Amino acid sequence: MKKLTTLFLFLGLFLLGACGKNVADEDIMSRLDKSPTITWGVKYDTRLFGMINVETGEVEGFDIDIAKAITKELTGSADNAQFVEVTSKTRIPLLKNGNIDAIIATMTITEDRKKQVDFSEVYFDAGQSLLVKKGSPIKSVDDLNADTTVLAVKGSTSAINIREHAPDAKILELENYAEAFTALQSGQGDAMTTDNAILLGMAAENPNYELAGGNFTDEPYGIAINKGQEPFVKGVNAALEQLHQNGEYDKIYNKWFEKEAEK
């Protein structure tokens, strides 16, 4: 009886593994012909890119609107876009497991990440910077030393880069941007670092804080797609190209960033 139970358990685990594999490996472009929904992994805590509107309960931002526009190009309707919350730590595992079809979540294109996923063409040019309280003696990355603590998000490219550009500084890694900014406000760190576009959103919402010293890296954002989904990658790139040609990309960009850039 024990052997029979073990056999059933093994078969159950095998079937679950097989099902998970089938979901992740299913050709997305072929699936869209039968079921047009595209599931996007997005941030829920990043102002301007992906943030929950507490009044409507809907996630909003630049990444969201670009995902909707791509979905419309590929399926005929922006309503076919569905969104799942991801963090810097969970986004690739969720993609690999087939829980989402693509990641559009302020994700920097890197050679290391290319070993795990494929990327679309660049959809947003970003660069890493520093956020400090107004009046801070920190004016650039060169001012970071052994007496300063920099706040970053776990699993992000920013945490890696800051160690290269400020090797003497103390680095405190938090779970997400909200926790990192709260730590900055409470004095647990002297500066927070991530992509300039994210910090711009925080500064716009919190006028006592500002960006310091400009960008010290190039951090182009790409849409991450699972390996083996070449037709979907081509489809996403073609959709992005169309958005640039028909002016929709500029319309979305200006909606989220034009007013912020003027401040």
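The model is predicted: local features need pLDDT of at least 70 and side-chain atom pairs count only at pLDDT 80 or more, while totals for chains, interfaces and linings use all residues. Residues are numbered from 1 along each chain as its sequence is written, and side-chain values use heavy atoms, with hydrogens and water left out. Helices (H or I, at least four residues) and strands (E, at least two) are DSSP runs, numbered from the N terminus.

**Helices α3 and α9**

- The axes of α3 (residues 62–75) and α9 (residues 230–245) come within 9 Å and cross at roughly 105°; axes are lines fitted to C-alpha atoms, for helices over the stretch in contact, and angles run from 0 to 180 degrees between N-to-C directions.
- That angle makes α3 roughly perpendicular to α9 (65 to 115 degrees; under 35 is roughly parallel, over 145 roughly antiparallel, the rest oblique).
- On the α3 side, the contact (heavy atoms within 4.5 Å) is made by Ile66, Ala69, Ile70, Glu73 and Leu74.
- On the α9 side, Phe232, Gly235, Val236, Ala239, Leu240, Gln242 and Leu243 take part.
- By class, this contact of α3 with α9 has 9 nonpolar, 2 polar and 1 charged residues (Ala, Val, Leu, Ile, Met, Phe, Trp, Tyr, Cys and Pro count as nonpolar, Asp, Glu, Lys and Arg as charged, the others, Gly among them, as polar).

**Salt bridges**

- The structure holds 8 salt bridges, each a side-chain nitrogen of Lys or Arg within 4 Å of a carboxyl oxygen of Asp or Glu.
- Arg31 pairs with Asp101 in a salt bridge, with the closest N and O atoms 2.8 Å apart. Arg31 lies in helix α2 (residues 28–34) and Asp101 in the loop between α4 (91–96) and β6 (102–103), so the pair ties together parts that are 70 residues apart in sequence.
- Arg31 is buried at 16% relative accessibility, and Asp101 is buried at 8% (buried is under 20% relative accessible area, exposed over 50%, partly exposed in between; 1.4 Å probe, protein chains only).
- Asp65 and Lys255 form a salt bridge at 2.8 Å, N to O. Asp65 belongs to α3 and Lys255 to helix α10 (residues 248–262), so the link spans 190 residues in sequence.
- Asp65 is buried at 15%, whereas Lys255 is exposed at 53%.
- Asp118 and Lys227 form a salt bridge, the closest N and O atoms being 2.9 Å apart. Asp118 lies in strand β7 (residues 117–119) and Lys227 in the loop between β13 (224–226) and α9, so parts 109 residues apart in sequence are tied together.
- Lys227 is partly exposed at 36%.
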